[in-house]
Amino acid sequence: MFQTAEFQENNHANEIPVVGRILCAIAIGALSLGLIVVLMFTDNSSSMLPSLVQDKLTQSGVDNPVTAVLLNFRSYDTLLEIGVLLIVAVAMLPGVPVGSVVNRDMPGGNRPSGRLVSIVPNAQVNPVLEAILRWLVPMIIVMAGYMLWTGASLPGGAFQSGALLAGAGVLVQLSGRIQFCFTSTMAKLLLTIGLITFVIVAVGVAAITGVILQYPVTLASPLILVIEGAATLSIAAILLLLYNSLATQTFEMSPEPSALNEEPSALNEEPSASNEEPSASNEEPSALDEEPSALDEEPSALDEEPSALGK
Amino acid sequence: MGFDLFLDSCIVIGILTLACLCLATKNLFTAIILFISLGLFVTIAWVRLDAPDLAIAEAAIGAGLTGALLLATWRQLRIEPADRDADTGSKSGGHNVSNR
Amino acid sequence: MTQDLLYTIASIALFGIGLFGLIVVRHIIRKILAINMMGVSVFMLLVASASNVDGAADPVLHAMVLTGIVVAIAGTALSLFLASKIHSLGQASDSDGR
């Protein structure tokens with residue numbers, strides 16, 4: 001059942017037969033019933049953790065117990081979580097020549113060390129979305145800042161704030177007017193500043209208290225705010241990078257079908273409403289981008305076709 | 001106590017129904033949209049379980065960003081197969097939303 | 001039937017649906033959806049057991065689930081990226097007439 005990755009919808013070739021499905025359903029049903037019975041008779045009201053957190057909450061520097069647990073009592077978990085996010089971001093970074101991943105040259109260019117945020121020339125914008133974003137994006141930014149600040153005493157915090165900013169970034173990219181380049185130096189700074197700040201604070205307080213990640217009680221509140229601020233920027237940048245690389249990266253392995261080069265180039269725009277006009281301007285860079293692909297026998301012959309079709 | 005339990009059972013029935021429909025529907029786009037709705041139902045469940053931080057995070061990350069990622073991938077997967085249909089000769093288009 | 005027990009049963013049922021979908025469904029994106037569903041069910045189980053305590057909810061489990069939500073989207077993004085790449089590799093090898 002896990003042999004090949006199936007991408008065709010409604011392809012009933014190697015399906016598990018009905019008998020197998022019924023047996024599987026019965027087995028899973030039995031497992032579920034067993035789990036429910038076990039959980040019904042589990043007594044988990046004897047946990048001491050909530051009372052422990054409540055006792056030490058005044059020493060943690062914040063009033064919100066979840067934020068206190070995330071950034072003070074269990075700060076090591078949060079440090080590693082930001083590290084995991086950064087690892088996934090590096091794996092999905094555009095322009096990294098892993099195998100045959102080729103970052104297409106978008107109009108306006110996705111040059112390395114370009115600008116982080118740049119205007120797309122001759123953009124096919126979505127006018128309604130762009131108009132509403134003039135109001136929406138500043139409100140989202142203010143809301144994210146509020147969520148970061150109020151995480152100390154009310155529900156909120158760094159992750160929610162970063163997610164809001166990433167959502168604003170996704171909307172901005174969808175409008176078609178602005179594109180993000182995550183290989184610029186500013187982008188690299190934003191992606192890593194969360195982890196760097198966290199590690200610096202973690203090691204820095206060891207000089208004062210002797211234990212890594214143990215904040216001195218008087219400094220706990222501003223330290224948590226500094227860490228959360230940097231983490232917000234980092235989380236927003238990483239989540240936006242995840243969306244950006246899924247939405248604008250195409251992969252070319254071997255260029256045999258010349259039609260294959262036309263269609264993915266239509267993808268290189270931000271997924272705005274209509275892509276006809278910019279796709280014509282993308283034929284040129286797609287022909288030029290044949291060179292770095294893995295199999296190099298055929299592209300020279302096929303380079304003529306896309307440019308001929310594109311003119 | 002009665003109304004609370006009724007509300008919780010409505011939410012639970014909604015979650016389970018959405019889960020079954022999400023995996024059983026023929027259209028992949030429908031499945032993705034149902035998954036986003038499942039995320040929003042789960043957000044309400046977090047509110048009912050006294051977890052407001054989780055509700056904010058789930059609404060933004062679980063429902064919003066995961067939905068955006070899934071739709072971006074869906075679009076990627078739809079573009080390429082149309083190239084191989086030399087007989088139909090159809091461009092991928094990508095504007096018609098339904099897969100029917 | 002209390003609120004926690006209801007959500008516990010719901011989470012186990014959701015886990016079962018996700019597991020069944022993971023085994024039976026063919027399309028890889030739906031498998032990723034099923035895995036996500038299983039993750040959400042585990043979060044629901046954790047939060048349901050966190051709200052058992054009378055008075056304040058257990059904040060340690062909430063923090064754990066918050067971490068889990070963020071790591072789950074990272075894993076989903078990476079798996080979708082890999083699926084997209086496998087799809088393009090399949091495109092290439094398909095045309096060779098495998």
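**Salt bridges, core and interfaces of the predicted model**

At 38% relative accessibility, A:Arg74 counts as partly exposed, since the range for that class runs between 20% and 50%. The model examined here is predicted. In chain A, A:Arg74 is located in the loop between α3 (65-73) and α4 (75-91). The side chain of A:Arg74 forms a salt bridge with that of A:Asp77, with an N to O distance of 2.9 Å. The two side chains are also joined by a polar contact of 2.9 Å. A:Asp77 is likewise partly exposed, because its relative accessible area of 31% lies between the 20% and 50% limits. Leaving aside residues up to four places away in sequence, A:Arg74 touches A:Val69 and, in another chain, C:Val60. The C-alpha atoms of A:Arg74 and A:Leu213 are 9.4 Å apart in space, although 139 residues separate the two in sequence.

Over all chains, the structure holds 5 salt bridges. A second one in chain A brings together the side chains of A:Arg177 and A:Glu130, again with an N to O distance of 2.9 Å. This pair links distant parts of the chain, 47 residues apart: A:Arg177 is in the loop between α6 (158-175) and β3 (178-180), and A:Glu130 is in helix α5 (residues 127-149). The partners fall into separate accessibility classes. A:Arg177 has a relative accessible area of 32% and is partly exposed, whereas A:Glu130, at 14%, counts as buried because its value is under 20%.

In chain B, the side chains of B:Asp4 and B:Arg48 meet in a salt bridge with an N to O distance of 3.8 Å. Elsewhere, salt bridges with shared partners join A:Glu130, A:Arg134 and A:Arg177 into one network.

The secondary structure of chain A consists of 13 helices and 4 strands. Of its 311 residues, 48% are buried. Among contacts in chain A with a separation of 6 or more, 72% are between residues 24 or more positions apart. Chain B has 3 helices and 0 strands, in the order α-α-α from the N terminus. Buried residues account for 50% of the 100 residues of chain B. For contacts in chain B between residues at least 6 apart in sequence, 47% join residues at least 24 apart.

The largest nonpolar core comprises 114 residues, and A:Tyr215, B:Trp46 and C:Ile29 have the most contacts inside it. Helix α8 (residues 220-248) of chain A gives the most to this core, with 15 residues. Beyond residues up to four places away in sequence, C:Ile29 touches B:Leu28, B:Leu70, B:Thr73 and B:Leu77 in chain B, together with C:Leu80 and C:Ala83 in chain C.

At the interface of chain C and chain A, 43 residues of chain C are in contact with 54 residues of chain A. The buried area is about 4500 Å², with carbon and sulfur atoms giving 77%. C:Ile12, C:Arg26 and C:Phe81 supply 17% of the area that chain C buries against chain A, more than any other three residues. The interface has 0 salt bridges and 1 residue pair in polar contact, both residues being at pLDDT 80 or more. On the side of chain C that touches chain A, two or more residues come from each of α1 (3-24), α2 (28-50) and α3 (59-95) of chain C. The largest share of this side, 23 residues, is from α3(C). By class, this side has 27 nonpolar, 11 polar and 5 charged residues.

Between chain B and chain C, 41 residues of chain B are in contact with 40 of chain C. The two chains bury about 3600 Å², 78% of it on carbon and sulfur atoms. B:Leu23, B:Leu49 and B:Leu54 supply 19% of the area that chain B buries against chain C, more than any other three residues. This interface has 0 salt bridges and 7 residue pairs in polar contact, with both residues at pLDDT 80 or more.

Definitions and conventions. Residues are numbered from 1 along each chain as its sequence is written. Chains are lettered from A and ligands numbered from 1 in the order in which they are written. This is a predicted model: local features need pLDDT of at least 70, side-chain atom pairs count only at pLDDT 80 or more; totals for chains, interfaces and linings use all residues. Side-chain values use heavy atoms; hydrogens and water are left out. Contact means heavy atoms within 4.5 Å. Buried area is the accessible area (1.4 Å probe) that two parts lose on being put together, summed over both. A salt bridge is a side-chain nitrogen of Lys or Arg within 4 Å of a carboxyl oxygen of Asp or Glu. A polar contact is a pair of N or O atoms within 3.5 Å; within protein, one must be able to donate a hydrogen and the other to accept it, and residues adjacent in sequence count only if both atoms are side-chain atoms. Ala, Val, Leu, Ile, Met, Phe, Trp, Tyr, Cys and Pro count as nonpolar, Asp, Glu, Lys and Arg as charged, and the others, Gly among them, as polar. A nonpolar core is a set of buried Ala, Val, Leu, Ile, Met, Phe, Trp, Tyr and Cys residues joined through side-chain atoms within 4.5 Å. Buried means under 20% relative accessible area, exposed over 50%, partly exposed in between (1.4 Å probe, protein chains only).
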